[in-house]
Amino acid sequence: MKLYRVKDYDEMSKKAASILAAQMVADPESTLGLATGSTPVGAYRYLRKWYEEGILDFSGIKTMNLDEYRGIQRTDSQSYYYFMKENLFDHVNILAENTHIPDGEKADADEVCRGYEALVREAGGVDLQLLGIGRNGHIGFNEPADHFERECHCVDLAESTIEANKRFFEKAEDVPRQAYTMGIGTIMSAAKILLLVSGEDKAEALYETLCGAITPQVPATVLQLHPDVTVIADEAALSKFERR
Ligand code: F6R
């Protein structure tokens, strides 16, 4: 595991975008695993900028997103489908048919999850998977549990996740209670993983992820077992290491 300590969110975002860009240049037909939430917004901003400057070409790139709320319309501004269009896809020359997000509009969890897992496999797996982390240590929407869920599945969101994500909604009751997510096995099958962590509210989760025992109660700890993980964390996220 490689750990980069950076000053702040912007430095984290620029470095993350550089790693994603390097992947795209090295293999213009890469499959990128993408995340949503506050963490990757800055990195997507850099990717858009470098596309506008003619540095990056998305025409051969395929993307597989980690997750989507269940029971949400794609036109809903809180859907991850909408998020990806707004933050990246609508601003670069990626082909719509090359972008993939679990279909939150479909209620049949088995169909959505089996289909999505097969799609990842058909794409030949993910070359570089971008991850954020929840305060409770979740990756994708793999919430703390008694076992690691291997494949794409439907999950009941943890109270702490609903609490954390209510900032995007008008009120907590509006946060969907379920989501479709890549499983831990799906995530771990990516050739490379890039984990971004910013802010003091993630310090405990990051400390456990890097130094704690591997446990499904802190799902990100499983990353200790992956052979090619890069972590970019800012000073605030690393504050727990400094205190110890
Ligand atoms: C989002 C995702 C989640 C987030 C995590 C952190 O696609 O899979 O695991 O990365 O909840 O969210 P933010 O970045 O909003 O703090």
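Me: How much space lies in the largest pocket?
Reply: About 670 Å³ of space lies in the largest pocket. Keep in mind that this is a predicted model.

Me: Which residues are closest to its centre?
Reply: Thr36, Gly37, Ser38, Asn165 and Arg167 are the closest to the centre of the largest pocket. They belong to a lining of 35 residues.

Me: Which helices and strands supply at least two residues of that lining?
Reply: Strand E4 (67–69) does, and so do helix H3 (80–87) and helix H5 (159–165).

Me: And which one gives the most?
Reply: That is H5, with 5 residues in the lining of the largest pocket.

Me: How do the lining residues of the largest pocket divide?
Reply: There are 13 nonpolar residues, 16 polar ones and 6 charged ones.

Me: OK, now the ligand. What space does the ligand take?
Reply: The ligand takes the largest pocket.

Me: Which residues come nearest to the ligand?
Reply: Thr39, Asp67, His138, Gly140 and Lys202 come nearest, out of 14 residues around the ligand.

Me: How far is the polar side-chain atom of Thr39 from an oxygen atom of the ligand?
Reply: The distance is 2.4 Å.

Me: What about the side chain of Asp67?
Reply: An N or O atom in the Asp67 side chain is 2.7 Å from an oxygen atom of the ligand.

Me: And the side chain of Lys202?
Reply: For Lys202, an N or O atom of the side chain is 2.7 Å from a ligand oxygen atom.

Me: How much of the ligand's accessible area does the protein cover?
Reply: The protein covers 94% of it. On its own, the ligand has 410 Å² of accessible area.

Me: How does the shell around the ligand divide by class?
Reply: The shell has 3 nonpolar, 8 polar and 3 charged residues.

Me: New topic. What volume does the second largest pocket have?
Reply: Its volume is about 350 Å³. Of the 18 residues in its lining, Arg74, Tyr81, Thr99, His100 and Ile101 are the closest to the centre.

Me: Which elements give two or more residues to this lining?
Reply: H3, strand E5 (99–100) and helix H4 (109–122) do. H4 gives the most, with 5 residues.

Me: And what are the classes in the lining of the second largest pocket?
Reply: By class, 9 residues are nonpolar, 3 are polar and 6 are charged.

Me: Last one. How many cavities of 30 Å³ or more does the structure hold?
Reply: The structure holds 1. About 30 Å³ of space lies in the largest cavity.

Me: Which residues line the largest cavity?
Reply: Glu68, Ile72, Arg74, Tyr81, Ile101, Pro102, Asp103 and Gly104 line the largest cavity. By class, this lining has 4 nonpolar, 1 polar and 3 charged residues.

Notes: Residues are numbered from 1 along each chain as its sequence is written. This is a predicted model: local features need pLDDT of at least 70, side-chain atom pairs count only at pLDDT 80 or more; totals for chains, interfaces and linings use all residues. Side-chain values use heavy atoms; hydrogens and water are left out. On a 1 Å grid over the protein atoms alone, a cavity is a set of points where a 1.4 Å probe fits but cannot get out, and a pocket is an open set with protein on both sides within 12 Å along at least five of seven lines; lining residues have an atom within 4 Å of a point. Grid points are joined across faces, edges and corners, and a volume is the space filled by probe spheres set on the points. Ala, Val, Leu, Ile, Met, Phe, Trp, Tyr, Cys and Pro count as nonpolar, Asp, Glu, Lys and Arg as charged, and the others, Gly among them, as polar. Helices (H or I, at least four residues) and strands (E, at least two) are DSSP runs, numbered from the N terminus. A residue is near a molecule or strand if one of its heavy atoms lies within 4 Å of it. A polar contact is a pair of N or O atoms within 3.5 Å; within protein, one must be able to donate a hydrogen and the other to accept it, and residues adjacent in sequence count only if both atoms are side-chain atoms. Accessible areas come from the Shrake-Rupley method with a 1.4 Å probe; for residues, only the protein chains shown count as cover. A molecule sits in a cavity or pocket if more than half of its atoms lie within 2 Å of its grid points.
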